[in-house]
Amino acid sequence: MTDTVRDLIHGNASMVAPGAALGALSHGFELASAKDFNSDIEVLNYALTLEYLEAEFYRQGNAAGLLKGTEKKYLMQIGADEASHVATVTATIQKLGGAPVGAPAVDFGGAFESRKSYLTTAHIFENKGVGAYLGAAGFVKNKMILQAAAGIFGVEARHAAVVGNLLGLKAEGGVYMGSTEVGIPTADVLKAVAPFLQNPAKVVAAITL
């Protein structure tokens, strides 16, 4: 595990090189490793970092005014869901006596240049979220937390399907990703989202709860 990945899991993502690189999101699919997490709090903070990213992504994307009608309605709801996930995961960490990581500053590059770029990036994010939850699920020790994570996992999968449908993707490998989901290792997930994280001194993430 690289220092950057380790910093992201432990909430120290203050200096990550910027630069949107959607191609970096295409990595192999394998399960996470037990050495990635020392406790349920670390798993939850990993999830919280990703939820921060998604919530801020939709806050900025919806504010850009790229969508209309049903598309706008759907993406507004997805954004509200992601903000709710931030609140839920944060509250869970606090209830367990842990310290939630802070929201990282972000830069989504050209994701909001058009309707297509917004939806395409959203589709990538949602499918990464599904894989991230599945990839880390095996390392959650508390069954109540695992149940809650499974609930969020299902919602992320529905988001991916909705956005894929809006993009007009074919069902197989598009709206859904096949008959089963496959977990993604934490290192690959965090490496994939790292290009969107900025120095907080330059950009302040504004998570709307």
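# Helices, rings and spaces: a working chat

Trainee: Where is the place of Ala83?

Mentor: Ala83 sits in helix α3, which covers residues 69-95. Keep in mind that this is a predicted model.

Trainee: Buried or exposed, that Ala83?

Mentor: Ala83 is buried, because its relative accessible area is 12% and the cut-off for buried is under 20%.

Trainee: How far apart are the C-alpha atoms of Ala83 and Arg59?

Mentor: They are separated by 8.9 Å. Along the chain, Ala83 and Arg59 are 24 residues apart.

Trainee: Let me step back. What does the secondary structure come to?

Mentor: Six helices and two strands. Read along the sequence, the pattern is α-α-α-β-α-α-α-β.

Trainee: And how many of the contacts are between residues 24 or more positions apart?

Mentor: Counting contacts with a separation of 6 or more, 88% are between residues 24 or more positions apart.

Trainee: What share of the protein do buried residues make up?

Mentor: Buried residues account for 45% of the 209 residues. As for the surface, the protein exposes about 10000 Å², and carbon and sulfur atoms supply 57% of that area.

Trainee: Next, rings. How many aromatic pairs does a search of the whole structure find?

Mentor: The search finds 13 aromatic pairs. One of them is Phe57 with Tyr118, where the ring centres are 5.4 Å apart and the planes stand at 55 degrees, so the pair is tilted.

Trainee: Which helices do Phe57 and Tyr118 lie in?

Mentor: Phe57 lies in helix α2 (residues 40-63) and Tyr118 in helix α4 (residues 115-137), so this pair ties together parts that are 61 residues apart in sequence.

Trainee: Are those two buried or exposed?

Mentor: Phe57 is buried, with a relative accessible area of 0%. Tyr118 is buried too, and its relative accessible area is 0%.

Trainee: What about Phe57 and Phe125?

Mentor: Phe57 and Phe125 form a tilted aromatic pair, with 5.1 Å from centre to centre and 50 degrees between the planes. Phe125 belongs to helix α4 and Phe57 to helix α2, so the pair ties together parts 68 residues apart in sequence. Phe125 is buried, with a relative accessible area of 4%.

Trainee: Which residues form the aromatic cluster with Phe57?

Mentor: Phe57, Tyr58, Phe108, Phe112, Tyr118, Phe125 and Phe196 form one aromatic cluster.

Trainee: Moving on to the largest nonpolar core. How many residues has it, and which have the most contacts inside it?

Mentor: That core has 42 residues, and those with the most contacts inside it are Tyr46, Leu50, Leu53, Phe57 and Phe108. The elements that give two or more residues to this core are α2, α3, α4, α5 (143-166) and α6 (186-193).

Trainee: Which element gives the most?

Mentor: Helix α2 gives the most to this core, with eleven residues.

Trainee: Which residues line the largest cavity?

Mentor: The lining is Leu50, Glu54, Phe125, Lys128, Gly129, Val189 and Val193. The elements that give two or more residues to this lining are α2, α4 and α6. Helix α4 gives the most, with three residues.

Trainee: And the second largest pocket, how much space lies in it?

Mentor: About 220 Å³ of space lies in the second largest pocket. It is lined by 17 residues, and the closest to its centre are Leu44, Ala47, Val89, Tyr133 and Ala149.

Trainee: Which elements give two or more residues to that lining?

Mentor: Those elements are α2, α3, α4 and α5. The largest share of the lining, five residues, comes from α2.

Trainee: Last topic, His159. Where does it lie?

Mentor: His159 lies in helix α5. His159 is buried, with a relative accessible area of 5%.

Trainee: Which residues is His159 in contact with, leaving aside neighbours within four places in sequence?

Mentor: With those neighbours left aside, His159 is in contact with Ile78, Asp81, Glu82 and Glu126.

How values were computed
Residues are numbered from 1 along each chain as its sequence is written. This is a predicted model: local features need pLDDT of at least 70, side-chain atom pairs count only at pLDDT 80 or more; totals for chains, interfaces and linings use all residues. Side-chain values use heavy atoms; hydrogens and water are left out. Helices (H or I, at least four residues) and strands (E, at least two) are DSSP runs, numbered from the N terminus. Buried means under 20% relative accessible area, exposed over 50%, partly exposed in between (1.4 Å probe, protein chains only). Rings of Phe, Tyr and Trp (its six-membered ring) pair if their centres lie within 6.5 Å; planes under 30 degrees apart count as stacked, over 60 as edge-to-face and the rest as tilted. A nonpolar core is a set of buried Ala, Val, Leu, Ile, Met, Phe, Trp, Tyr and Cys residues joined through side-chain atoms within 4.5 Å. Contact means heavy atoms within 4.5 Å. Accessible areas come from the Shrake-Rupley method with a 1.4 Å probe; for residues, only the protein chains shown count as cover. On a 1 Å grid over the protein atoms alone, a cavity is a set of points where a 1.4 Å probe fits but cannot get out, and a pocket is an open set with protein on both sides within 12 Å along at least five of seven lines; lining residues have an atom within 4 Å of a point. Grid points are joined across faces, edges and corners, and a volume is the space filled by probe spheres set on the points.
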